[in-house]
Amino acid sequence: MSRRVEGVLPYWLDRPDEEAIEIALEVERAGLGALWIGELATFDAVALATAIGHRTEGLRLKLGPLAVGVRDPLSFALAVSSVATLTGCEVDLALGASSPVIVSRWHDRPWPHPATRMRETIECLRGILAGDRSEYDGEYVRTHGFRLRRPRPQTRVCVAAFGPAMTRVAALHADELVLHLVTPEHVSAVRETIEAEAPAAARPRPRLAVWVSVALDPGDDARAQLASQLAIYLAPPGYGEMFSQLGFGELVERARGGARRSELAQEVPLELLEQVCAIGSVDELITRISAYHDAGADVVGVVPSTAEDPGGRRVLSAIGESFRQPAEMATPRQDEVHL
């Protein structure tokens, strides 16, 4: 089992959008080797990844998680190939179910059986990334006759999972599974599931990654930033049950009863943040990150709080000193296409 630490771009609503570039540069300076680039309501992930790839040297880029209900396998393959070709970086792809709000309300796309759609997307995507002409007829995914001009067979496919159905899909079909805002105990449970399921597919088990929000010696502003993020996850199925088991059921009930996120954030106690984040001194951060590794995580993706630490410079530098590792680059930079 590897014990990697990678960087994750946060999308703090109380910070400038352009801070994403600064955070990416700090991840590179810290020597963390890889950066996860998702999207929410600021940048398109493909455009942002291309910009970051031109500003960094040797940083592996991990696009997503991107919603399988919003893009199709061709779009995913083109996204990976575009960023890799234009920057010379190695590019991986993370896929997720997202949520009914984003898929159905924002994008006006159907939301049936996300686990089945995920499996079909990965099955179809593998062949396209390998350079094969697309021939796939699934229940939700269908494509014929497309061939990618710049195949990317080395691209790893990751699945963001929480519930049992998506976890099983990840164990049987993905190269990596990523969790977010969970306890080390939850990581251990998912590790057991992966170890039990993966052999049935006669393939190597996927790596297990977990995103952990980190804050170095946080004050009131940093804790409020973390609480605002956590408040979003109080109501969704799975997360709400986990938080209830940790003893915060009343907060979950209020979230599911329609309480505003801003009100919930003010009520998130420090004890809850300590259950699913890494906060405190440098030694406390290192101990907490190591606890996730000990629980079975191959990769810990650190999400830097920047409310009191612009660009995450202090916290990423401190973590990098303890977990610095070489970047995973297989494509020489001389292959970069300059625009």
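Q: Which residue is the bridge partner of valine 8 in S2?

A: In this predicted model, the partner of valine 8 within S2 is tryptophan 36. That bridge belongs to a pairing in which strand S1 (residues 4–8) and S2 run in the parallel sense, joined over two bridges. Between the two strands the chain passes through helix H1 (residues 19–29), and the β-α-β crossover from S1 to S2 is right-handed.

Q: How many bridges join S2 to strand S3, and which residue in S3 is the bridge partner of isoleucine 37?

A: Four bridges join S2 to strand S3 (residues 60–67), and the two run parallel; the partner of isoleucine 37 in S3 is leucine 63. Here the chain crosses from S2 to S3 by way of helix H2 (residues 45–55), in a β-α-β crossover that is right-handed.

Q: Which residues of strand S2 lie on one side, and which on the other?

A: Across S2 (residues 34–37), Ala34 and Trp36 lie on one side while Leu35 and Ile37 lie on the other, and all of these are buried, so that both faces of the strand are covered, buried being under 20% relative accessible area.

Q: Which residues form a nonpolar patch on the surface?

A: The patch is made of Leu40, Val101 and Trp106, which together have about 290 Å² of accessible area. Leucine 40 sits in the loop between S2 and H2, and its relative accessible area of 44% makes it partly exposed.

Q: Why can charged side chains pair?

A: Side chains that carry opposite charge can pair when their charged atoms come close. Over the whole structure, a search finds 25 salt bridges. One of them is between glutamate 19 and arginine 15, with an N to O distance of 2.8 Å; glutamate 19 is buried at a relative accessible area of 6%, whereas arginine 15, at 22%, counts as partly exposed.

Q: Where do arginine 156 and aspartate 92 lie, and how many residues apart in sequence are the parts that the pair ties together?

A: The salt bridge between arginine 156 and aspartate 92 has its closest N and O atoms 3.8 Å apart. Because arginine 156 lies in the loop between strand S6 (142–144) and strand S7 (157–160), and aspartate 92 in strand S4 (residues 91–96), the pair ties together parts that are 64 residues apart in sequence. Arginine 156 is partly exposed at 25% relative accessibility, while aspartate 92 is buried at 3%.

Q: Where do aspartate 175 and arginine 126 lie?

A: In this salt bridge the closest N and O atoms are 2.8 Å apart. Aspartate 175 is in the loop between helix H6 (164–173) and strand S8 (176–180), and arginine 126 is in helix H5 (residues 114–130), so parts that are 49 residues apart in sequence are tied together by the pair. Both count as partly exposed, aspartate 175 with a relative accessible area of 25% and arginine 126 with 29%. Elsewhere, salt bridges with shared partners join Arg4, Glu6, Lys62, Glu176 and Arg207 into one network.

Q: Is alanine 215 buried or exposed?

A: Alanine 215, whose place is in strand S9 (residues 207–216), counts as buried at 3% relative accessibility. Leaving aside neighbours within four places in sequence, its contacts are Leu226, Ala278, Ile279, Gly280, Leu285 and Ser305. The C-alpha atoms of alanine 215 and valine 282 are separated by 9.4 Å, although the two residues are 67 residues apart along the chain.

How values were computed. Residues are numbered from 1 along each chain as its sequence is written. This is a predicted model: local features need pLDDT of at least 70, side-chain atom pairs count only at pLDDT 80 or more; totals for chains, interfaces and linings use all residues. Side-chain values use heavy atoms; hydrogens and water are left out. Buried means under 20% relative accessible area, exposed over 50%, partly exposed in between (1.4 Å probe, protein chains only). Two strands pair if DSSP finds at least two bridges between them. A crossover is right-handed if, with the strands pointing away from the viewer, the path from the first strand over the helix to the second runs clockwise. Patches are made of residues with over 30% relative accessible area and no salt bridge: like charges are joined within 9 Å, nonpolar side chains (Val, Leu, Ile, Met, Phe, Trp, Tyr) within 5 Å. Accessible areas come from the Shrake-Rupley method with a 1.4 Å probe; for residues, only the protein chains shown count as cover. A salt bridge is a side-chain nitrogen of Lys or Arg within 4 Å of a carboxyl oxygen of Asp or Glu. Contact means heavy atoms within 4.5 Å.
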